[in-house]
Amino acid sequence: MRIGLGYDVHKLVLERKLILGGIEINYKKGLLGHSDADVLLHAIMDSLLGASALGDIGTHFPDNDNRYKGISSLALLKEVGTLILASGYKIGNIDATIIAQEPKMKPYIFEMRKNIANTLDIDLDKINVKATTEEGLGFTGIGEGISSQSICLLEEV
């Protein structure tokens, strides 16, 4: 068994779509980044890559490579899932948290979980996504950005 931890953060800006867990969320701002800036999927990918000792998403999908400009993080997650299997591991489970003052995430959580499970070709019950605020504290609390954390368990195949 191997455990991995992932973290990501992006700044909220005007004139960008807000994409989390592969879901477009109707909100006045979106996350700034080279790809679609999906902090949830980025944290999950980093936890998976870390558990398998394969580096991080910056190693595999550098932000100075135009192939990844505006790309869906679901496509990147699919590639990470392939790397994990090729390394001799399968996903035991993933537990992730979105940290955002707003918008409220509850209406989108189930669809996020389905996207992640379908993309990684694993059972839905192996994916948990939750959200929390920081009670108005810090950069997420004042609405400057959104962050996400993820932990995963990998098992040898």
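I began with the core. The largest nonpolar core has 41 residues, and Leu20, Ile44, Leu48, Ile98, Met112, Ile116 and Ile146 touch the most other members. I took a nonpolar core as a set of buried Ala, Val, Leu, Ile, Met, Phe, Trp, Tyr and Cys residues joined through side-chain atoms within 4.5 Å. Buried is under 20% relative accessible area, exposed over 50%, partly exposed in between (1.4 Å probe, protein chains only). Elements giving two or more residues to this core include α1 (39-51), β5 (89-99), α4 and β7 (145-156). The largest share, 8 residues, comes from α1.

Ground rules: this is a predicted model, where local features need pLDDT of at least 70, side-chain atom pairs count only at pLDDT 80 or more, and totals for chains, interfaces and linings use all residues. Residues are numbered from 1 along each chain as its sequence is written, and side-chain values use heavy atoms, with hydrogens and water left out.

Next I checked α1. Helices are DSSP runs (H or I, at least four residues), and strands are E runs of at least two, numbered from the N terminus. In α1, 12 of the 13 residues are buried, so the helix is largely enclosed by the rest of the structure. Among them are His42, Asp46 and Ser47. Ala53 follows α1 with a positive phi, near 60°.

Then I listed contacts (heavy atoms within 4.5 Å). Beyond its neighbours within four places in sequence, Ile116 is in contact with Leu40, Leu41, Ile44, Leu77, Ile127 and Val129.

Last, Phe110. It lies in α4 (residues 109-120). Phe110 is partly exposed, at 44% relative accessible area.
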